[in-house]
Amino acid sequence: LATDIGAKSSTLSDLEGQLSQNQQTLAALLRKAAQAQNVSLLELLTNGTPLNQIFEEADAEEILKENINSVMESTKTLASSTESARSALQTQEDSETDAKQALQYQENLVKNNQAQLDALLAQSKQTQETYQTFVDSLQSRIDQIKAQLFQLSGGGAAIPFGAALTYAQTVESQTGVDPAFLLAIIQQESNLGSNVGKCYLTDTTSGAGINVSTGNTFPNVMKPSRDIQPFLAITKSLGFDPLKTVVSCPIPSAGGYGGAMGPAQFIPSTWTIYISRIASALNISVPNPWNPPDAFMAAGLYFEDLGAKGTISNSYTINRTAACHYYSGENCYASNGSANVGLSYGDSVMTRAENIQECMINPIEHPEDGIPSGC
């Protein structure tokens, strides 16, 4: 700024010098013109001035007028340039003043911060051990979160949350579905009822089956016209015994059929639609609905088709609607008897998703923020 101001000051000085010189020249020309105007043509003729001299003086007067006009225009231009340079110089000087004030303010802040830093460093020598204890405690809590068993439905064993999060993040990379939302769905599905994932199909014609824990029989474990043949094909491709492979039992209060498979609770006919896409997304040959990574990807692809996107914080209603469709095939406010149940399911999923994000994912991804007190 100082260098720039120096250059502008030099320019202004040159302009002011030229302007002063022009003003002096103009004054001399104007005086000469005034003298010429004081002698009339009649006086020149009567005092015996030769005619050729009279014409020469007339020509000189015209030239004088032209010179006066030229110098006046030059003076106007110089005056304008001088004013512009003066304004630019003032602006630059103002900028320098502002910069100096800002630097002074920052210098004062640095001095104050240094004093505070010195005080903090003195304290830290005494509290370093306490801080390290806090860090160790926080890391221990993060390890606990990762190791916490994430209960799966469909007969699968619980898996560590760290593994479940990794599966969900893989799904996000392929579909854009929020991991917290997907994990909430998987968790919700595991808590729909104590009979979820506890039935065997016993009749491949009628769809009847039995609860492997209680021995209770059901005529509607699987819908014959829709799911039995796809189920037989799926289990055959995996080398499973279809009559010894666990599926969900029907829920008497909800009506309809059971027959859902694995952690994501896909019915066989729907799983068949997604087989090729799951295989492509995970680069595998035969997807297994009872295998957590495969089930997570299937759910993510399904939610992608249902319009789930963004995060639970910036796309709340979009994701809740997708959850309702996942549960009942209808939106959350469908005009049928299950409308209230669908909305309740969607709200429950979103509450779970918020809790998973705040209390489990955030502490893992941003341990420096600590763990919220409500977790």
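Helix H7 is followed by Asn283, whose phi is positive, near 55°. Helices (H or I, at least four residues) and strands (E, at least two) are DSSP runs, numbered from the N terminus. The model is predicted: local features need pLDDT of at least 70, side-chain atom pairs count only at pLDDT 80 or more, and totals for chains, interfaces and linings use all residues. Residues are numbered from 1 along each chain as its sequence is written, and side-chain values use heavy atoms, with hydrogens and water left out.

The protein contains 10 helices and 5 strands. Of its 375 residues, 35% are buried (under 20% relative accessible area; exposed is over 50%, partly exposed in between; 1.4 Å probe, protein chains only). The accessible surface is about 21,000 Å², computed by the Shrake-Rupley method with a 1.4 Å probe; for residues, only the protein chains shown count as cover. Carbon and sulfur atoms hold 51% of that surface. Contacts are heavy atoms within 4.5 Å. Among contacts with a separation of 6 or more, 61% join residues 24 or more positions apart.

H7 has 15 residues, and its end C-alpha atoms are 19 Å apart. The buried residues of H7 include Trp271, Tyr274 and Ile278. Its buried residues pack against H4, H6 and H8.

H8 has 14 residues and reaches 20 Å from its first C-alpha to its last, close to the 20 Å expected. H8 is mostly covered, with 10 of its 14 residues buried. Among them are Phe296, Met297, Leu301 and Phe303. Just after H8, Gly307 takes a positive phi of about 95°.

The whole structure holds 11 aromatic pairs. Rings of Phe, Tyr and Trp (its six-membered ring) pair if their centres lie within 6.5 Å; planes under 30 degrees apart count as stacked, over 60 as edge-to-face and the rest as tilted. The ring centres of Tyr274 and Tyr302 are 5.7 Å apart and their planes stand at 65°, so this pair is edge-to-face. Tyr274 lies in H7 (residues 268-282) and Tyr302 in H8 (residues 292-305), so the pair ties together parts 28 residues apart in sequence. Tyr274 is buried at 6% relative accessibility. Tyr302 is partly exposed at 22%.

Tyr327 and Tyr345 form a stacked pair, 4.4 Å centre to centre with 15° between the planes. Tyr327 belongs to H9 (residues 316-328) and Tyr345 to H10 (residues 339-365), so this pair links parts 18 residues apart in sequence. Tyr327 is partly exposed, with a relative accessible area of 31%. Tyr345 is buried, at 4%.

One aromatic cluster is formed by Phe181, Phe266, Trp271, Tyr274, Tyr302, Phe303 and Tyr326. Leaving aside residues up to four places away in sequence, Phe303 touches Val177, Phe181, Leu182, Ile185, Ala308, Ala322, Ala323 and Tyr326.

Technical notes
Expected span 1.5 Å × (residues − 1).
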